Protein chains: 4
Amino acid sequence: MRAQKPIRSDIAWSTSDRIVVRGKDLPGEILGHMNLGDLAFLQITGRTATPEESNVFNAIVITLVEHGITPSAIVARMTYAGAPESLQAAVAAGLCGLGTVFVGSTEGATKMLYEALEDRGDADLQSIAVATVAKYHREGVVVPGLGHPVHRPIDPRTPRLFEIAADNGMANDYCKLMQLIATEAERVSGKSLTLNATGAVGAICCELGFPWKIVRGLGVMARAIGLVGHLLEESENPMAMEILWRVDEAASAHLRNA
Amino acid sequence: MRAQKPIRSDIAWSTSDRIVVRGKDLPGEILGHMNLGDLAFLQITGRTATPEESNVFNAIVITLVEHGITPSAIVARMTYAGAPESLQAAVAAGLCGLGTVFVGSTEGATKMLYEALEDRGDADLQSIAVATVAKYHREGVVVPGLGHPVHRPIDPRTPRLFEIAADNGMANDYCKLMQLIATEAERVSGKSLTLNATGAVGAICCELGFPWKIVRGLGVMARAIGLVGHLLEESENPMAMEILWRVDEAASAHLRNA
Amino acid sequence: MRAQKPIRSDIAWSTSDRIVVRGKDLPGEILGHMNLGDLAFLQITGRTATPEESNVFNAIVITLVEHGITPSAIVARMTYAGAPESLQAAVAAGLCGLGTVFVGSTEGATKMLYEALEDRGDADLQSIAVATVAKYHREGVVVPGLGHPVHRPIDPRTPRLFEIAADNGMANDYCKLMQLIATEAERVSGKSLTLNATGAVGAICCELGFPWKIVRGLGVMARAIGLVGHLLEESENPMAMEILWRVDEAASAHLRNA
Amino acid sequence: MRAQKPIRSDIAWSTSDRIVVRGKDLPGEILGHMNLGDLAFLQITGRTATPEESNVFNAIVITLVEHGITPSAIVARMTYAGAPESLQAAVAAGLCGLGTVFVGSTEGATKMLYEALEDRGDADLQSIAVATVAKYHREGVVVPGLGHPVHRPIDPRTPRLFEIAADNGMANDYCKLMQLIATEAERVSGKSLTLNATGAVGAICCELGFPWKIVRGLGVMARAIGLVGHLLEESENPMAMEILWRVDEAASAHLRNA
């Protein structure tokens with residue numbers, strides 16, 4: 001007979017007349033007292049954000065909500081066209097692609113920066129940047145947080161995010177190291193490499209002390225908001241079927257006309 | 001030859017050095033100036049929330065973020081156990097079940113209330129409530145927004161949400177009608193029926209003028225935040241495999257021991 | 001204290017050295033003895049298909065596997081572009097849109113036909129067809145299984161599916177009624193209406209006695225196979241990013257150039 | 001102005017009266033002539049399976065369809081409880097967790113075996129097995145395809161799959177190497193390590209010459225079939241809500257009673 005292990009969660013609980021989230025009474029202490037960003041911080045960390053943390057956290061999540069026509073927006077819209085009765089499934093489909101290539105790359109930047117500054121001893125940031133870039137090049141892996149197909153040479157979100165971090169006392173070693181890594185990677189590769197928003201968000205997540213495993217989650221919650229906006233527009237002014245016909249016409253012409 | 005139709009979105013656009021969301025410069029006018037809830041309102045409606053709208057909107061979305069161990073939390077955790085490298089897929093899986101039974105029932109309440117007050121003429125709210133309940137009973141359909149397996153006789157979120165709506169001048173005919181419908185449904189059925197949080201959220205969405213098609217989306221974006229919190233806890237203190245073994249032992253005992 | 005209810009499944013069970021599916025030893029009685037379609041029949045119905053059922057079942061599922069560039073194929077490919085490490089999430093995203101508009105419409109046809117022939121008494125099929133079409137028109141609902149944007153006036157899958165059903169003794173009242181309904185709907189609407197593959201599949205599912213709740217599932221399992229093929233092609237000859245750029249250019253031109 | 005790149009797919013195409021999949025007329029050459037497993041082989045590889053390939057391919061996909069109560073089955077059932085109108089989303093949710101831990105581990109085995117036998121020169125299989133295990137141990141990575149929580153010391157599917165491969169002339173170097181790796185990993189670790197079904201399937205996928213990128217897809221298509229069976233049972237004899245209450249009671253007791 002297998003011995004049972006405990007099942008336990010410390011996030012929230014409820015009884016017939018109470019709902020308590022992270023130790024706070026939801027109706028009495030949260031509703032009407034917090035904005036959505038601060039509640040998200042509470043949900044993830046288990047504690048109330050300081051005003052500085054609130055400023056920075058709201059900014060990094062908002063950054064990832066919306067970027068016009070993205071793969072996730074197209075996916076959500078095309079899913080909605082087939083199942084308009086299941087809006088939640090359309091959002092879910094749109095989120096499935098937030099992996100290592102888009103949005104999820106925040107995770108890679110956070111992990112890289114944590115590992116670089118762990119056990120740093122007396123090393124200065126510049127030599128750590130050089131060593132980090134060398135390590136990624138040696139392993140043939142792309143340095144996370146760098147490069148952007150549209151925003152070149154500067155991603156307009158990046159300097160603004162670092163400015164907000166600095167205004168709130170959080171532009172410290174992780175942010176500095178991310179910038180030094182970007183410069184060093186440019187030097188080594190001989191190419192212009194944008195320090196993109198996911199790199200800035202990743203660095204700021206380190207400043208906030210977030211576990212790297214959860215950093216991709218900030219982009220996921222943000223994009224869920226963005227996709228709801230796209231689905232409302234799709235319900236009023238659809239593009240999904242027109243995309244379908246254009247792609248189908250292009251993709252199969254060589255077979256149809258053979 | 002098929003004539004192409006236009007493909008057009010008015011939500012956001014970007015160039016190499018700019019990102020504009022709903023007509024606002026993202027770095028210059030949004031980051032550092034808005035909280036996440038207000039940005040969500042902007043994303044969905046295309047305009048900036050008034051202070052009253054901000055209070056009410058943040059409250060209704062926050063209400064739907066977290067309710068302890070829910071089907072969506074279990075789903076996200078069990079998905080994460082199999083694919084910890086794909087956190088976004090675990091959130092997506094958790095969202096897929098926000099349909100007509102859980103969370104998505106906000107949509108039904110909004111639709112019911114809009115239809116009930118459309119072309120109302122001179123009818124008073126009480127007679128509209130009676131007619132609405134009679135219609136649902138006649139069609140054998142459950143009145144949305146009523147009943148709760150745990151919160152009985154009162155869902156503690158409901159009076160607080162109506163209070164916040166009232167404090168911000170938004171507890172008008174839709175909120176009143178929802179409450180009258182609840183009372184009438186109790187009278188007709190002879191059973192105690194909780195006016196639950198999805199009923200209150202649905203009514204307030206009418207007050208805010210949101211299209212019913214998008215109301216389920218508020219719960220979806222909210223729960224995405226909640227699920228990220230659950231996945232962080234799962235990564236640190238997992239319960240998924242223990243759930244698996246307990247369910248497997250219970251479900252197959254009659255076959256294994258046959 | 002809540003009284004626990006039983007948790008029970010009769011599909012399969014395993015011990016350290018055995019795996020039994022639907023009462024059959026998986027290694028000894030299934031592997032090497034069945035093809036995938038017959039195993040799917042066993043999994044759903046709990047019994048082994050007759051040769052006739054096998055012929056018909058394999059045909060209807062295969063019908064739904066592949067139709068070139070579909071919304072689900074585009075969705076899967078664009079998801080894969082963002083998360084190539086999560087192929088399963090790309091397939092899952094592609095399946096999310098198999099709702100009431102595409103593929104899932106098999107379900108509507110099955111339900112319609114079951115309801116039409118339930119308690120039919122002495123009514124002949126033609127008068128049932130007339131009554132069914134009249135009912136859908138009265139309720140303003142589209143008759144399921146009819147119409148196709150490409151296959152006009154005949155969906156080439158439909159006559160072949162009915163032929164296979166007939167060859168195996170399963171082109172009985174449900175198949176006949178579906179065809180009569182198509183003719184009647186054309187007469188009433190005055191428009192040419194293709195009896196499409198989902199209508200034929202839906203009718204044949206009635207002949208097989210499948211519960212209508214599960215009929216959408218045949219399209220889901222079929223399309224999962226199709227999407228794996230699309231993802232392999234996408235990994236070798238990608239189109240997702242090119243779709244993204246074309247859509248983005250078209251959708252935002254009016255804003256970028258304003 | 002961006003230069004457009006071609007969008008092209010070679011899988012299937014259709015016109016008003018034709019549907020062609022992998023060069024074959026769907027109604028005329030596929031329906032009624034192929035079983036679902038062989039169609040899946042055609043969809044993925046672009047060619048018709050030989051009888052031997054058909055035997056082996058059907059067996060490996062069937063192996064992954066069903067294993068009783070799995071995380072994916074629980075996920076699909078709990079999703080269905082919240083959104084019974086969206087069966088496709090319930091299957092999709094269940095598939096999202098087929099990652100590196102469950103089912104998707106076939107991919108790891110295939111990749112390991114391909115890399116091990118690439119450029120092997122004159123090396124014999126035993127020394128390649130020793131080198132492979134040493135490499136995984138050095139990198140602190142688990143050898144894929146080994147270990148099982150229930151099937152110990154032997155996974156009953158494994159010898160049967162190798163037997164079917166041998167009967168069809170496909171138990172060659174990849175299958176032999178997988179078995180040698182299992183023995184070597186046991187020797188090095190000093191623990192009993194089951195060569196599990198995903199290891200056997202992974203090796204056979206190498207024998208079939210499948211690209212490692214698509215191997216996870218076989219498990220995904222297989223499990224989609226399995227989950228449809230679970231959802232039909234859930235619709236008739238549900239367990240989802242009972243799981244919810246049991247987990248909720250266990251997880252929150254320490255907070256509720258504090």
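Between chain A and chain B about 7,400 Å² is buried, and carbon and sulfur atoms give 67% of that area; buried area here is the accessible area, taken with a 1.4 Å probe, that two parts lose on being put together, summed over both. Of the area that chain A buries against chain B, A:Leu36, A:Ile62 and A:Gln88 supply 10%, more than any other three residues. The model is predicted, so that local features need pLDDT of at least 70 and side-chain atom pairs count only at pLDDT 80 or more, while totals for chains, interfaces and linings use all residues. Residues are numbered from 1 along each chain as its sequence is written, chains are lettered from A and ligands numbered from 1 in the order in which they are written, and side-chain values use heavy atoms, with hydrogens and water left out.

Counted by contact (heavy atoms within 4.5 Å), 88 residues of chain A meet 88 residues of chain B. Four salt bridges are found between chain A and chain B, a salt bridge being a side-chain nitrogen of Lys or Arg within 4 Å of a carboxyl oxygen of Asp or Glu. One of these links A:Glu242 to B:Arg2, with the closest N and O atoms 2.9 Å apart. Helix 11 (residues 212–236) of chain A gives the largest share of the side of chain A that touches chain B, namely 17 residues; helices (H or I, at least four residues) and strands (E, at least two) are DSSP runs, numbered from the N terminus.

The contact between chain D and chain A takes 20 residues from each of the two chains. In chain D, the residues that lose the most area to chain A are D:Ile7, D:Trp13 and D:Leu255, together 30% of what that side buries. The table sets out values for the two interfaces, where a polar contact is a pair of N or O atoms within 3.5 Å; within protein, one must be able to donate a hydrogen and the other to accept it, and residues adjacent in sequence count only if both atoms are side-chain atoms.

| Interface | Buried area | Residue pairs in polar contact (both at pLDDT 80 or more) |
|---|---|---|
| Chain A and chain B | about 7,400 Å² | 34 residue pairs |
| Chain D and chain A | about 1,700 Å² | nine residue pairs |

Across the interface of chain D and chain A the rule finds zero salt bridges. Helix 12 of chain D provides seven residues, the largest share of the side of chain D that touches chain A.

The same surface serves both copies, as 100% of the contact residues of chain D recur in chain A.

Within chain B, three strands form an open antiparallel sheet in the order 1-2-3, where two strands pair if DSSP finds at least two bridges between them. Strand 1 (12–15) and strand 3 (24–25) of chain B are the edge strands, each pairing on one side only. Four bridges join strand 1 of chain B to strand 2 of chain B, with B:Ser14 partnered by B:Ile19, and two residues lie between these strands in their hairpin. Strand 2 (residues 18–21) of chain B is joined to strand 3 of chain B by two bridges, and B:Val21 has B:Lys24 as its bridge partner. In the hairpin of strand 2 and strand 3 of chain B, B:Arg22 takes a positive phi near 50 degrees.
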